[in-house]
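Open the model in your viewer and keep the sequence panel beside it. The stops below say what to select next and what is there.

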Amino acid sequence: DPDHILYALALAQALSGDSINAFDNLKRAIELEPRNRIMARQDADFAPLANQSPFDVLLYPEKKGW
């Protein structure tokens, strides 16, 4: 599935410090398969980015207005 490829690419980019492309690919992976948002929330490799903008809004859109 293309969403799995995009998720894996985003993960590799995040780990290599390429947060801009990691965000773009993770966003697309979530658009293709919304369950990827839950996977990314639980993925320790995304943890360093989870509270940084724009990943915080991508991973936790429900907190956007808080």
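**Stop 1: an aromatic pair**

Select phenylalanine 23 and phenylalanine 55: both are buried, where buried means under 20% relative accessible area, exposed over 50% and partly exposed in between, with a 1.4 Å probe and protein chains only. This is a predicted model, in which local features need pLDDT of at least 70 and side-chain atom pairs count only at pLDDT 80 or more, while totals for chains, interfaces and linings use all residues. Residues are numbered from 1 along each chain as its sequence is written, and side-chain values use heavy atoms, with hydrogens and water left out.

The search of the whole structure gives 2 aromatic pairs. Rings of Phe, Tyr and Trp (its six-membered ring) pair if their centres lie within 6.5 Å; planes under 30 degrees apart are stacked, over 60 edge-to-face, and the rest tilted. Start with tyrosine 7 and phenylalanine 46: their ring centres are 5.6 Å apart and the planes stand at 80°, so this pair is edge-to-face. Tyrosine 7 belongs to helix α1 (residues 2-15) and phenylalanine 46 to the loop between α3 (35-42) and α4 (47-50), so the pair ties together parts 39 residues apart in sequence. Helices here are DSSP runs (H or I, at least four residues), as are strands (E, at least two), numbered from the N terminus. Both tyrosine 7 and phenylalanine 46 are buried.

Now return to phenylalanine 23 and phenylalanine 55, which are also edge-to-face, at 5.6 Å centre to centre and 85° between the planes. Phenylalanine 23 is in helix α2 (residues 19-32) and phenylalanine 55 in helix α5 (residues 55-59), 32 residues apart.

**Stop 2: helix α2**

Select α2, which has 14 residues and runs 20 Å from first C-alpha to last. That is close to the expected 20 Å at 1.5 Å a residue, the expected span being 1.5 Å times one less than the number of residues. Colour its buried residues: Ala22, Phe23, Asn25, Leu26, Ala29 and Ile30. An α-helix has 3.6 residues a turn, so residues three or four places apart point the same way. What do the buried residues of α2 pack against? They pack against α1, α3 and α5, with contact meaning heavy atoms within 4.5 Å.

**Stop 3**

Alanine 14, in helix α1, counts as buried at 16% relative accessibility. Leaving out residues up to four places away in sequence, alanine 14 touches Ala22, Phe46 and Leu49. Alanine 12 is also in helix α1, but is partly exposed, with a relative accessible area of 42%.

**Stop 4: a cis bond and a charge over a ring**

Go to the peptide bond from serine 53 to proline 54, which is cis, with omega near 0°. Proline 54 is in the loop between α4 and α5. Next, show lysine 63, which lies over the face of tyrosine 60 at 4.6 Å from the ring centre; the criterion is NZ of Lys or CZ of Arg within 6 Å of the ring centre and within 35 degrees of the ring normal.

**Stop 5: the whole chain**

Zoom out: the protein chain has 5 helices and 0 strands. Of its 66 residues, 33% count as buried. The C-alpha atoms fill a box of roughly 35 × 25 × 20 Å along the principal axes.
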